[in-house]
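Please keep the structure open beside you as you read.

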Amino acid sequence: MVLSRGWAVFLTGVGVWTWVIWPRFAVAIWKDPRSWSTGTVGDGPPTGFLWVHALLIVASLAIGTAVGLLGLRAWQASRRRTR
């Protein structure tokens with residue numbers, strides 16, 4: 001499959017966007033009292049709320065990384081084709 005430079009830039013941008021947004025969301029979830037059984041951040045065992053969101057964050061970062069790498073590879077391939 002051959003991707004245009006536009007799509008390569010878009011996919012790379014999605015990968016970067018993922019790494020900008022999801023870590024900030026992770027911090028917000030960590031600081032949320034619903035994430036901890038005692039209601040105090042970092043005190044007591046984590047709740048299902050934290051575990052579900054942690055899984056969501058990890059999956060999103062993995063998918064975003066894969067998409068970003070595909071975009072970078074497509075960009076490199078498009079540069080080789082124009083030479």
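This is a predicted model: local features need pLDDT of at least 70, side-chain atom pairs count only at pLDDT 80 or more; totals for chains, interfaces and linings use all residues.

1. The residues that line the largest pocket are Met1, Val2, Leu3, Leu70, Arg73, Ala74, Ala77, Arg80 and Arg81. Sorted by class, six of these lining residues are nonpolar and three are charged, while none is polar. The space inside the largest pocket comes to about 190 Å³.

2. Next, have a look at helix α1, which runs over residues 5-31. Val20 sits in this helix, and together with Val16, Trp17 and Ile21 it makes a nonpolar surface patch of about 380 Å². How accessible is Val20? Its relative accessibility is 41%, so Val20 counts as partly exposed, since that class lies between the buried limit of 20% and the exposed limit of 50%.

3. Leu11 is another residue of helix α1. Is Leu11 buried or exposed? With a relative accessible area of 19%, Leu11 is buried, because the buried class covers values under 20%. Leu11 also shows how the chain folds back on the page of the sequence: Gly64 is 53 residues away along the chain, yet the C-alpha atoms of Leu11 and Gly64 are separated by 8.9 Å.

4. Now for the charged pair. Side chains of opposite charge can pair when their charged atoms come close. The count for this model is one salt bridge, and it joins Asp32 to Arg34. The closest N and O atoms of Asp32 and Arg34 are 2.7 Å apart, which is within the 4 Å cut-off for a salt bridge.

5. Finally, please visit the loop between α1 and α2, where α2 spans residues 48-82. Asp43 has its place in this loop, and a relative accessibility of 40% makes Asp43 partly exposed. How far apart in space are Asp43 and Pro33? From C-alpha to C-alpha the distance is 9.6 Å, and Asp43 and Pro33 are 10 residues apart in sequence.

Methods:
Residues are numbered from 1 along each chain as its sequence is written. Side-chain values use heavy atoms; hydrogens and water are left out. Patches are made of residues with over 30% relative accessible area and no salt bridge: like charges are joined within 9 Å, nonpolar side chains (Val, Leu, Ile, Met, Phe, Trp, Tyr) within 5 Å. Accessible areas come from the Shrake-Rupley method with a 1.4 Å probe; for residues, only the protein chains shown count as cover. A salt bridge is a side-chain nitrogen of Lys or Arg within 4 Å of a carboxyl oxygen of Asp or Glu. Helices (H or I, at least four residues) and strands (E, at least two) are DSSP runs, numbered from the N terminus. Buried means under 20% relative accessible area, exposed over 50%, partly exposed in between (1.4 Å probe, protein chains only). On a 1 Å grid over the protein atoms alone, a cavity is a set of points where a 1.4 Å probe fits but cannot get out, and a pocket is an open set with protein on both sides within 12 Å along at least five of seven lines; lining residues have an atom within 4 Å of a point. Grid points are joined across faces, edges and corners, and a volume is the space filled by probe spheres set on the points. Ala, Val, Leu, Ile, Met, Phe, Trp, Tyr, Cys and Pro count as nonpolar, Asp, Glu, Lys and Arg as charged, and the others, Gly among them, as polar.
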